[in-house]
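Here are some notes to read alongside the structure as you get to know it. Take the points in order, with the model open beside you.

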Amino acid sequence: MPALISSRDEFAVLPIRMPSMPSFPLSAIHEVRIRQNTPKIPTSNDSRSLFLKNIPSDSTEPHFRAVFTSLVGAGRFETITFDDEAKTVLPVDPAQATKVHGFAKKRKMLHLEEEERKREEQESQLPQIWTRQLHRSSSTAVVLLADEKSVQLVLKAITKVHKTKKYPVWGENLADQVPSLGSSWIATHLQLSRVDKAATQKAVHAFFNAFNKKEKEAVELAKRLRNEPDEDGFVTVTRGGRAAPASRNEAEAAKQRMVDKADKKKSELGNFYRFQLREQRKKEQAALLRRFHDDRRKVDAMRQQRGKFKPET
């Protein structure tokens, strides 16, 4: 069984020894498949992150921190993100992107925008009613390591594990206290389900306030886009007023067209107005026509000289 990946699309297999439990008194081997993370939308951390598939259903960050510590030592594992983590994340709309791009040009303003967004998301979170989250079978996750070297060290350590047969033990050497499962986990969940009404109401109000704010920004963006001419300089007019984008996707696409058009205008600093572009095209056509007439006169002269040629004797 190959352990070290030969390409970015192949998986290395990490065997993990699952300890025996009262309900299943035998030890078992669970295989987690690992490769370098290559998401559809690249990020700046892809070179130092790993994509994990078929993780155990009771996985937690302390569990994987202990596993990676046993492979490459402490200090190289930073964090892990599970694909099915329940988070209340407000949707990102083009209005927010336009605001950050166009108005918040200073670094301080960008920092304040980011802090405000994080604060809104934190206040919008409902109270937790589970002390430990279970995952679906064959779930995936992304592990973030300290640097690119750590990725290669992990893959080499997996190869070594296959040779020595010294597999990491699941739940061994946990640095943090992980809440236990079973009846105590269910009992705690039932108790936490009776959440404080005031805290829940506060979180709901914070979510809808942030949502309404983003909706207002989206409407403002749509109004600005109504006055944005197309590539030919025309604005589409329909019954009831000028047509605005019908959805956020269209608004985002229209915003991208605005950015591309602005970049194109910057690259054509010599031609600020449409009549200048027309004059430039007229000059190019006149130059082509002059070259055509010059070539035609040369051809006529060659034809006239064709019958007058006398070889020297």
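1. Buried means under 20% relative accessible area, exposed means over 50%, and partly exposed lies in between, using a 1.4 Å probe and protein chains only. Helices (H or I, at least four residues) and strands (E, at least two) are DSSP runs, numbered from the N terminus.

2. A word on what you are looking at. This is a predicted model, in which local features need pLDDT of at least 70 and side-chain atom pairs count only at pLDDT 80 or more, while totals for chains, interfaces and linings use all residues. Residues are numbered from 1 along each chain as its sequence is written, and side-chain values use heavy atoms, with hydrogens and water left out.

3. Which strands pair with E3? E2 and E3 run antiparallel and are joined by four bridges, and E3 also runs antiparallel to E5, with six bridges between them. Two strands count as paired if DSSP finds at least two bridges between them. To find the pairings by eye, look for Ile-34, whose bridge partner in E3 is Leu-52, and for Ser-49, whose bridge partner in E5 is Leu-144.

4. On to strand E1 (residues 12–18). Six of its seven residues are buried, so E1 is largely enclosed by the rest of the structure. E1 pairs with strand E2 (residues 28–36) in the antiparallel sense over seven bridges. Val-13 is a handy landmark here, as it stands opposite Arg-33 in E2.

5. The largest nonpolar core has 27 residues, and Leu-50, Leu-52, Phe-64, Phe-68 and Leu-145 touch the most other members. At least two residues each come from E1, E2, E3 (49–55), helix H1 (61–72), strand E4 (77–82), E5 and helix H4 (148–164). H4 gives the largest share of this core, six residues. A nonpolar core is a set of buried Ala, Val, Leu, Ile, Met, Phe, Trp, Tyr and Cys residues joined through side-chain atoms within 4.5 Å.

6. Not counting residues up to four places away in sequence, Leu-52 touches Val-32, Arg-33, Ile-34, Phe-64, Phe-68, Ser-139, Thr-140, Ala-141 and Val-143. Contact here means heavy atoms within 4.5 Å.

7. Helix H1 has twelve residues and reaches 16 Å from its first C-alpha to its last, close to the 16 Å expected at 1.5 Å a residue. That expected span is 1.5 Å times one less than the number of residues. Which residues of H1 are buried? They are Pro-62, His-63, Phe-64, Ala-66, Val-67, Phe-68 and Leu-71. The buried residues of H1 pack against E1, E3, E4, E5 and H4. After H1 comes Gly-73, whose phi is positive, near 90°.

8. How many salt bridges does a search of the whole structure find? There are seven, a salt bridge being a side-chain nitrogen of Lys or Arg within 4 Å of a carboxyl oxygen of Asp or Glu. In one of them, the side chains of Glu-78 and Arg-48 meet at 3.2 Å, N to O. Glu-78 lies in strand E4 and Arg-48 in the loop between E2 and E3, so this pair ties together parts that are 30 residues apart in sequence.

9. Arg-132 makes another salt bridge, with Asp-58, their closest N and O atoms being 3.6 Å apart. Because Asp-58 lies in the loop between E3 and H1 and Arg-132 in the loop between H3 and E5, the pair ties together parts that are 74 residues apart in sequence. Asp-58 counts as buried at 19% relative accessibility, and Arg-132 is buried too, with a relative accessible area of 9%. The side chain of Arg-132 also reaches the backbone oxygen of Pro-179 at 2.9 Å; a polar contact is a pair of N or O atoms within 3.5 Å, and within protein one must be able to donate a hydrogen and the other to accept it, with residues adjacent in sequence counting only if both atoms are side-chain atoms.

10. Finally, Arg-136 forms a salt bridge with Asp-83, with the closest N and O atoms 3.9 Å apart. Arg-136 counts as exposed at 52% relative accessibility, whereas Asp-83 counts as partly exposed at 42%.
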